[in-house]
Amino acid sequence: MGIFKRMADVFRANINDMISKAEDPKKMLEQIIIDMDEKLIEAKKEVAGAIADEKRLYAQMQEQKELADKWEKRAALALEKGDEPLAVEALKRKKESAGMAADYEANWTKQKEVSDSLKLSIQGLQDKIEEAKRKKNLLIARQKRAEAQQKIQSTMSKLSDTSAFDSFGRMEEKVKQ
């Protein structure tokens, strides 16, 4: 049993090493930014839906308020004409419309708070994405600088190899002879 576990550990270690070597920080950072932008688009769609609901509730609230005003005017007109039962019925309808308007107003107020909160969240998310884009450019520049330094170090270590200089010295002696 122990040998199979060790083989599995070696296999996983080699796979992880290959994945680590294959990871290009520039490509990974760009993919992360693309993913963030996609999430932002999804969030904006959700906020747009919330705003549409808010506007719909506001329109329904206004409609019920106007309807309540119409019923009140009808009740006053019915009283002027001396039709008390019609005035009472109009006042009942006014009360129903006013109640519905109050319900819509309460729902609209809550929905407006939610919409405003979501708008602020979207703005915060956009700010974070912009910051990530700036950091991405800095990280890519650092990576390029590190790669250049690594190449310089590699070249310098090859030049500091004394065997090349020794060979050069021997050739110089041969030429002198």
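Helices (H or I, at least four residues) and strands (E, at least two) are DSSP runs, numbered from the N terminus. This is a predicted model: local features need pLDDT of at least 70, side-chain atom pairs count only at pLDDT 80 or more, and totals for chains, interfaces and linings use all residues. Residues are numbered from 1 along each chain as its sequence is written, and side-chain values use heavy atoms, with hydrogens and water left out.

View 1. A salt bridge is a side-chain nitrogen of Lys or Arg within 4 Å of a carboxyl oxygen of Asp or Glu. Glu-130 is partly exposed, at 39% relative accessibility. Lys-133 is also partly exposed, at 27%. (Buried means under 20% relative accessible area, exposed over 50%, partly exposed in between; 1.4 Å probe, protein chains only.)

**View 2. Arg-12 meets Asp-9 in a salt bridge.** The closest N and O atoms are 2.6 Å apart. Both residues lie in helix 1, 3 residues apart, about one turn of the helix. Asp-9 has 30% relative accessibility, so it counts as partly exposed. Salt bridges that share partners join Lys-5, Asp-9 and Arg-12 into one network. The structure holds 10 salt bridges.

**View 3. Arg-93 and Glu-89 pair in helix 3.** Their side chains form a salt bridge of 3.5 Å, N to O. Arg-93 is partly exposed at 36% relative accessibility. Glu-89 is partly exposed too, at 36%.

**View 4. Tyr-58 and Trp-108 form a tilted aromatic pair.** What does a search of the whole structure find? It finds 1 aromatic pair. Tyr-58 and Trp-108 make this tilted pair, 5.1 Å centre to centre, with 50° between the planes. The pair links distant parts of the chain: Tyr-58 in helix 2 (residues 25-81) and Trp-108 in helix 3, 50 residues apart. Rings of Phe, Tyr and Trp (its six-membered ring) pair if their centres lie within 6.5 Å; planes under 30 degrees apart count as stacked, over 60 as edge-to-face and the rest as tilted. Buried or exposed? Trp-108 counts as buried, at 19% relative accessibility. Tyr-58 is partly exposed, at 37%.

**View 5. Ser-115 is buried in helix 3.** Helix 3 spans residues 84-159. Ser-115 has 0% relative accessibility, so it counts as buried. A polar contact of 3.2 Å joins its side chain to that of Glu-54. (A polar contact is a pair of N or O atoms within 3.5 Å; within protein, one must be able to donate a hydrogen and the other to accept it, and residues adjacent in sequence count only if both atoms are side-chain atoms.) Not counting residues up to four places away in sequence, Ser-115 touches Ala-50, Ile-51 and Glu-54. Contact means heavy atoms within 4.5 Å.

**View 6. Glu-23 sits in the loop between helix 1 (2-22) and helix 2.** Glu-23 is partly exposed, with a relative accessible area of 45%. Its C-alpha atom is separated by 25 Å from that of Leu-40, 17 residues apart along the chain.
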